[in-house]
Amino acid sequence: MAGKNDAMNGLKTLNIQRVSREGSLSLHVADQLEALIVNGGIAVGEKLPTENGLCDSFGVSRTVIREAITHLKSLGLVETRRGVGTTVLRNAIVEAMPANRISPTTVEDILHVLELRLNIEPAAAELAALRHDDDDRRILRDKHDAFVRARAASSQARVEDYEFHYAIAAATHNPFFKSFYEQLSQSVIPRAKLMSIEINTSATDRYLARVEEEHTYVLEAIFARDGESAREMMYQHLNRARNMYAKYQES
């Protein structure tokens, strides 16, 4: 309880800025929380305030806060447990990477595909949120659940990942979005391009846990028929992947 109160007081007394309506709200929130954690404003072992408390502090929705927390998890800074809340794990960034190394040619291919997807799939997610019917809801839920089961079985969940995104394209009820995904097939999933010797097996579960959570937020926005949020969460999902794979290129 003391840790939670300390964290709440820290948000009140430190230089927290209510975010503007320009750019990614979740990244604005995540950047401020990351700075607090890295600089010791919220210490290792302390809990972040509740979602409601963070919403009040930053002046944003619960969806934005969830996206920001997902980003912090991807950096290895926090963990969330049901009934416990979100706890600071460390004050240095440790990102789960899906591979130990990737050939330059493969990285270039992955980044090209992600660039294409970033310009198409956020729009597809928005349309799916606005147009999906009961059959689409059932299929989307089934595909998401299949991904969850595949991750639990310690697989790479490549097929399940593809089928989840394909279901979103189909839910637009625009045949050309569906055709786009059919033509790219499973190669649209970056992990499908990795050789087994490149895969970082020790980090796979943590990496896929992040993907699963991001899928969950996309799905929730679609089911809520919140087109704007669905677009934003799909963009964040794909942009996070692009930024991560770009690091292989830099190295």
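Colleague: Hi! Which residues form one aromatic cluster here?
Modeller: Tyr162, Tyr166, Phe180 and Tyr181 form it. Rings of Phe, Tyr and Trp (its six-membered ring) pair if their centres lie within 6.5 Å, and planes under 30 degrees apart count as stacked, over 60 as edge-to-face and the rest as tilted. Keep in mind that this is a predicted model, where local features need pLDDT of at least 70, side-chain atom pairs count only at pLDDT 80 or more, and totals for chains, interfaces and linings use all residues. Residues are numbered from 1 along each chain as its sequence is written, and side-chain values use heavy atoms, with hydrogens and water left out.

Colleague: Nice. How many aromatic pairs does that rule give?
Modeller: The count is three aromatic pairs. For Tyr162 and Tyr166, the ring centres are 6.0 Å apart and the planes are at 25 degrees, so this pair is stacked. Both residues sit in helix α8, four residues apart, about one turn of the helix. Helices here are DSSP runs (H or I, at least four residues), numbered from the N terminus.

Colleague: And how is Tyr162 paired with Tyr181?
Modeller: That pair is tilted, with 5.5 Å centre to centre and 35 degrees between the planes. Tyr162 is in helix α8 and Tyr181 in helix α9, so the pair ties together parts that are 19 residues apart in sequence.

Colleague: Is Tyr162 buried or exposed?
Modeller: Buried, with a relative accessible area of 11%. Buried means under 20% relative accessible area, exposed over 50%, partly exposed in between (1.4 Å probe, protein chains only). Tyr181 is buried too.

Colleague: How do the axes of α8 and α9 cross?
Modeller: The axes of α8 (residues 158-170) and α9 (residues 175-184) come within 7 Å and cross at roughly 155 degrees. That makes α8 roughly antiparallel to α9; angles under 35 degrees count as roughly parallel, over 145 as roughly antiparallel, 65 to 115 as roughly perpendicular and the rest as oblique. Axes are lines fitted to C-alpha atoms, for helices over the stretch in contact, with angles from 0 to 180 degrees between N-to-C directions.

Colleague: Which residues make that contact?
Modeller: From α8, Tyr162, His165, Tyr166, Ala169 and Ala170; from α9, Phe177, Lys178, Tyr181 and Glu182. Contact means heavy atoms within 4.5 Å.

Colleague: New topic: where is His144 found?
Modeller: His144 is in helix α7 (residues 134-152). At 5% relative accessibility, His144 counts as buried. Not counting residues up to four places away in sequence, His144 touches Phe164, Glu212, His215, Thr216 and Leu219.

Technical notes:
Helix = DSSP H or I, 4+ residues; strand = E, 2+ residues; numbered from the N terminus.
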